[in-house]
Amino acid sequence: MAVLVQVLMVIFLSARNGAREIAGERGAIDRERLAGAGPLAVLLSKMAFLGPVILAQTLWLGVSVEIFIGTLPGSAALRFLLLALTGAAFTSLCLAL
């Protein structure tokens, strides 16, 4: 149950990050497209900015759950990887929409 809560929290954080990044930069993105930048270049630049944010949030969430709940079964590295990939996937989804 704790892992499910972690995954849901990462999904909500990632969706919020991706949506805020696109909504706040909409005018700049339109200017970049008119200047000739492709959508893939814009998406990669946003992912390069949000990548460290995703990793920091995932690490913070993973460590705080470990502190409050205790040791969960399985490898901590695999749980962290699951959370980081989930965050990257949902941030990419929000950026692509």
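Colleague: Does Arg20 count as buried or exposed?

Modeller: Start with the cut-off: exposed means over 50% relative accessible area. This model is predicted, and the values are computed from it. Arg20 counts as exposed because its relative accessibility is 55%. Arg20 is found in helix 1, residues 2–24.

Colleague: How far apart are Arg20 and Leu95 in space, C-alpha to C-alpha?

Modeller: Read two separations, one along the chain and one in space. Arg20 and Leu95 are 75 residues apart in sequence. In space, their C-alpha atoms are 9.4 Å apart.

Colleague: Is Asn17 buried or exposed?

Modeller: Buried means under 20% relative accessible area. Asn17 has 10%, so Asn17 is buried. Asn17, too, has its place in helix 1.

Colleague: What separates Asn17 from Gly87, and what separates Asn17 from Ala77?

Modeller: Take the pairs one by one. Asn17 and Gly87 are 70 residues apart along the chain, with 9.8 Å between their C-alpha atoms. Asn17 and Ala77 are 60 residues apart along the chain, and their C-alpha atoms are separated by 24 Å.

Colleague: Where does Gly87 lie, and is Gly87 buried or exposed?

Modeller: Gly87 lies in helix 4. The relative accessible area of Gly87 is 0%, so this residue is buried.

Colleague: What share of the protein chain counts as buried?

Modeller: The same cut-off applies to each residue: under 20%. Of the 97 residues in the protein chain, 31% count as buried.

Colleague: Which elements make up the chain?

Modeller: Count the helices and strands, then read their order. The protein chain has 4 helices and 0 strands. From the N terminus on, the order is α-α-α-α. For the extent, look along the principal axes: the C-alpha atoms fill a box of roughly 50 × 20 × 15 Å.

Colleague: Which residues form the nonpolar patch on the surface?

Modeller: For a patch, look at its members and their accessible area together. Leu55, Leu59, Val63, Ile67, Phe68, Ile69 and Phe80 form this one. Together they have about 730 Å² of accessible area. Helix 3 gives the largest share of the patch, 6 residues.

Colleague: Why does Val63 count as partly exposed?

Modeller: Partly exposed is the class between the two cut-offs, under 20% and over 50%. Val63 has a relative accessible area of 41%, so Val63 is partly exposed. Val63 has its place in helix 3.

How values were computed:
Residues numbered from 1 in each chain as written. Predicted model: local features only at pLDDT ≥ 70, side-chain atom pairs only at ≥ 80, totals over all residues. Heavy atoms only, no water. Patch = residues over 30% accessible without salt bridge, like charges linked within 9 Å, V, L, I, M, F, W, Y side chains within 5 Å. Areas by Shrake-Rupley, 256 points an atom, 1.4 Å probe, with all protein chains shown as cover. Salt bridge = Lys/Arg side-chain N within 4 Å of Asp/Glu carboxyl O. Helix = DSSP H or I, 4+ residues; strand = E, 2+ residues; numbered from the N terminus. Buried < 20%, exposed > 50% of the residue type's maximum accessible area, 1.4 Å probe, protein only.
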